[in-house]
Amino acid sequence: MKTNLRTTLRPVGAFLMRGSTPYFMTIALLAVSTILVYLSPRSIPAFLLFAISASLIYFLKLKKPFQLGMAVLVAVVIVPILGARNIFYLEVIFQIAVFAALALGLNIVVGFSGLLNFGYMAFYAVGAYLWAFFGSQQPFLLHEIPGTAPMGTPFLLAPDWFYLFIFLGVIVVSIVGLILGLPVLRVRGDYLAIITLAFGEIIRQLANNLDKPLNLTNGPQGITPIQRPTMPKGILAWFNSICEKIVGHPVTENQFYNIMFYLIAVLVVVVVILVTARLDDSKIGRAWAAVREDELAATAMGIPANKLKLGAFAVGASFAGAMGVLFAASRTFVSPESFNFLQSVSVLTMVILGGIGSIPGVIIGAAVVVVLNLQILPSFSLFLANLRQSDAVIPIINFHWKDLSNQLDPSKYQRLIFGIILILMMIYRPAGILPAARKKRKLQGSMSAGSSGEAEGAGGPDAAASQGKGADRG
Amino acid sequence: MAELILETRDVVKRFGGLTAVNKVDFSLEKGSICSIIGPNGAGKTTFFNTISGIYKPEEGEIFLEGKRIDRLTPDKITSIHMARTFQNIRLFGGMTVLENIMVGSYTRLRQNAVQAVLRTRAFKEEETRAQAKAEELMAYIGLRGVGNELAGSLPYGVQRRVEIARALASAPRLLLLDEPTAGMNPAETEEATLLFRRLRDELGITILLIEHDMKVVMNISERISVMDYGEKIAEGKPSEIATNPRVIEAYLGRGAAGGGAAAIAANAAGDQAGGQS
Amino acid sequence: MIRPQASRTLREIAAPLGKMAVFVVGAGALFSALMVIIAFLCKGSGADKLLLDTQGINIVTYTMVNLPQVLIDGVTLGFVYAAIALGYTMVYGVLEFINFAHSEIFAIGAFAGVEFLIAMDKLGVLAAAGPMGGYMYLVIALMISMMAAGGIAMLMERVAYRPLREAPKLVPLISAIGVSFALQDIIRLVESLTTGQFYRVMPTFGDFDKRLPLFSIPTGQDSTQVDIQVKSLVVIIAAVLMLVLLNYIVNATKIGKAIRAVAQDRNTAALMGVGVNAIISFTFFIGGALGGAAGLLYALKFTRIDPYVGFMPGMKAFTAAVLGGIGNLTGALLGGIVLGMLESFAGAYLGTFTMGAFGSEYKDIIAFSVLIIFIIFRPSGLLGEQVSQKA
């Protein structure tokens, strides 16, 4: 069936790939969807169309500079403006960026090196609490009971230390990753997964309980306010002077902070993608894949498996660390509940849904899950709520919508959805929506056949012969 | 006497109460092709695993080119120029043939994570060289045109070759081959035998095989060691081994399914031995 | 022919009872001794002074006086953990697979039984039943819990695990996480739609809340009463009975033999004519039924349940299974009792000894640390039977 679909789609695909068609199509779709979102900022279909046309930039066969240019245009110009018009979209895209970075980090551990990690949120938590502690008044409240901060308590650091802390987050959290990764030296498989889950829970509970003897985390109440970096002087006025007419209303400082954090998040994601893709395409990435496929054979080929697995834990963790710092600053608030097991599993769901080991797949997985969480489920909830208030009746069974329990709120059923996604993916499509493809390399031998000496000449027929025989037997 | 590349002294490997390798003294001359034979369960593969660092011996010492290796991890041992293949092919099935071979060159690449992320010139040059080297090896082994195929999707005989190419990519001076012709038909076996000889003659690699196909063993080996019940029971030139009474007893004494014994007998008669898997 | 069979039956019943007694007494004595030693070491410390100031007794007396109650609580909790742990350990023994969703089977058992009792309560029969009738309804509720939990466990295996039986090890584990999450929300959904809320409270009935006085310890002018709640006693007795029954099924019946055969080698067992699928289903049923019963007992003890109630006890019980040596039935028992004691002791004394700096809220952290330490350094558990991980 799959092949049938593929053969029917082939002519369509061929048409889309020809000449300038893809360029024209990308621009047209983007323009149309941008205008649609601009005109009706609350319409979900318009937003989805926009998201799809933006992702087409990646999927269509376009020249690299054009792709890059369009991506920058969308990320830096179109989205901020649309986002300023409807700040909710900015939140959606900000969360997609945050979770994409997290999912890419987890993907290094789960997808590249094949180690299951159920406690990934612990790394995010450490990064978040790092800035939450140093970027708030908490250092001066060590001996206070939570919730009793005296008026006028100073902040320890100036807000702009935030930028340094993004890097510190990377370093500190990768060290934590190394420490939490130590069990890989002795444990593998399902036991390792359970250990990471236990580690994740321990970190969350520590965050919950370390309000005494020293009040480090402020306990279940969480830490607030956490400082945001200062905004460059005059930039808001400058933005408003250009964009106020387009946006339709003056952008407030708070809204502009959202734009700023969105841009930082995008920057981090770009760095993460670059690092991930480049590591994957190096001897380290090949070694990770080898360890994942067959650890014993990998060691026999000279790969120090333990070192690589620890490295995967550390690199994966470091992304979460950077995003944790960003998260703490953007929310100005952290509490232990943001880092529970549900969150860890939702990041895992993104990786598995999108395609384990596949960078574009994982990003799409993150986007789908975030859009599901923030847009589709809530709008479904809203829809049900409206039905409940109407007089509508389901005909045959004579069910009055207003009798529907108001406990039935789809946006509260993420676990059900994640659970079903995980089960179905494992049974029917374990490689994900966009499976990781092994990189095909341009073979020099095939281009300059016969030019490199006798050995090849001798080898060629041999190979053909043995291949033929193998096929006969098979 | 020629220089020794591998030497084991009184190597013992136990699993619980079972002594799988019992006080084996073994030495291998540089530049030779030698075989280890023995009935099933004689401890040959365990001996290989012990040499290549996958198992740690309980007693005894192992030297590679005079350097003691019995406490080293397998990856360290590979980095000092010993490589191996596995009895039941262990390729990285989900990776391409080229990638498999490039994994083999892991210990020979100097790049690090920072260079990889920054894509420095040194990194790019090294990657190009590594790929060129891998392709050269593929051509040499007779694997042209399959570079971008997934290793797991290839026919059996080709997978065996890929495994050898992957081992060669680590630039070994000693190559351990664990039943490299198992499951091959007579023509493939013939080619493989030629290949092993070429590896030694052209690349100067010392080769140690575990092999059940007596035709291959008798044909290619300069020396043969025979193991039974974890012990080395005989050693010598092929002609000596074929007539050694202890060896014949080891095979026939099991009264067994008799593949090995039949093979020895057949070979002694100068007849064609059937391939067995 | 009858006599050996009868004596064997007797032995299979007596042996686990003996083991339980040894484990309870041994673990209890060990922990008690440890606490008393620590108390002696703390004499004269700040914690000691604080106690003298506030309660007028020194730390050693305080420790000793509280011991009996702490032990009783520990044993109660321990048996609940043991009953859940058996579900993990049986499935692991047979499939080498961590059934992560077992904690939700526990929750389903709790909800099924509690819903039944709530329904009975609404009908007014519970109030009218009196103490003996209370026990009867509890037994019926337990049966319902076990059937519901066992049935769902079987269904879960059929739908989410069987198709993945030959897949790499991590695949069914991810599926199990999925099942676990889906079941939590399915419970929530069903409860919300039928009752309009998703947490339930165990109705009060019978004399389960009564406290039976055991003895009193004189402390100076005062004396401390040691008692046991009827429900704790019920929990312990019910758990012991079930564990004995399970032991009998596994060790002395034909189907038990088949389970052990499948655990040893699935393929060979199939060749010997064992219906592997049926046996695996049955294993899930038995494990699920035990977990479900444990769920209801837990609800009896702690009264309030919600769809997520299974997570913590499930993780603890898994810890217990690892602690005792996963795949080993006796080990699960031992692990449950040790962990129950550990938690109860940590809850009771940690706060006192550290003067409130660290309190009972660290008991989860302690349990998880035990899990990590055991998996890393002694994956075969306390009993040391080698259940090696197949790489």
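Predicted model: local features only at pLDDT ≥ 70, side-chain atom pairs only at ≥ 80, totals over all residues.
1. Buried area is the accessible area that two parts lose on being put together, summed over both.

2. Let us take chain C and chain A. Between them they bury about 4,400 Å², and 75% of this lies on carbon and sulfur atoms. The contact draws on 53 residues from chain C and 43 residues from chain A.

3. H6(C) gives the most, with 17 residues. By residue type, this side of chain C divides into 38 nonpolar, nine polar and six charged.

4. There are charged and polar links across this interface too. Chain C and chain A share two salt bridges, and Lys169(C) and Asp190(A) meet through their side chains in a salt bridge (3.8 Å, N to O). Eight residue pairs are in polar contact between chain C and chain A, counting pairs with both residues at pLDDT 80 or more.

5. Now turn to chain B and chain A. About 4,600 Å² is buried between them, 58% of it on carbon and sulfur atoms. In chain B, the residues that lose the most area to chain A are Tyr106(B), Arg144(B) and Asn148(B), together 16% of what that side buries. The contact involves 55 residues from chain B and 46 residues from chain A.

6. How many salt bridges are there between chain B and chain A? The count is four. Arg441(A) and Glu127(B) meet in a salt bridge through their side chains (3.7 Å, N to O). Among the helices giving two or more residues to chain B's side are H2 (74–79), H5 (121–141) and H7 (186–203) of chain B; H5(B) supplies the largest share, eight residues. That side divides into 27 nonpolar, 16 polar and twelve charged residues.

7. Finally, a look at the nonpolar cores. The largest has 279 residues, of which Leu102(A), Met323(A) and Phe79(C) touch the most other members. Helix H3 (residues 59–95) of chain C gives the most to this core, with 21 residues. Leaving aside neighbours within four places in sequence, Met323(A) contacts residues including Leu102(A), Tyr124(A) and Val268(A). A second, separate core of 39 residues includes Leu443(A), Ala130(B), Leu137(B) and Ile205(B).

Methods. Residues numbered from 1 in each chain as written. Chains lettered and ligands numbered in written order. Heavy atoms only, no water. Contact = heavy atoms within 4.5 Å. Buried area = accessible area lost by both parts, 1.4 Å probe. Helix = DSSP H or I, 4+ residues; strand = E, 2+ residues; numbered from the N terminus. Nonpolar A, V, L, I, M, F, W, Y, C, P; charged D, E, K, R; others polar. Core = buried A, V, L, I, M, F, W, Y, C linked by side-chain atoms within 4.5 Å. Buried < 20%, exposed > 50% of the residue type's maximum accessible area, 1.4 Å probe, protein only. Polar contact = N/O pair within 3.5 Å; in protein donor to acceptor, adjacent residues only side chain to side chain.
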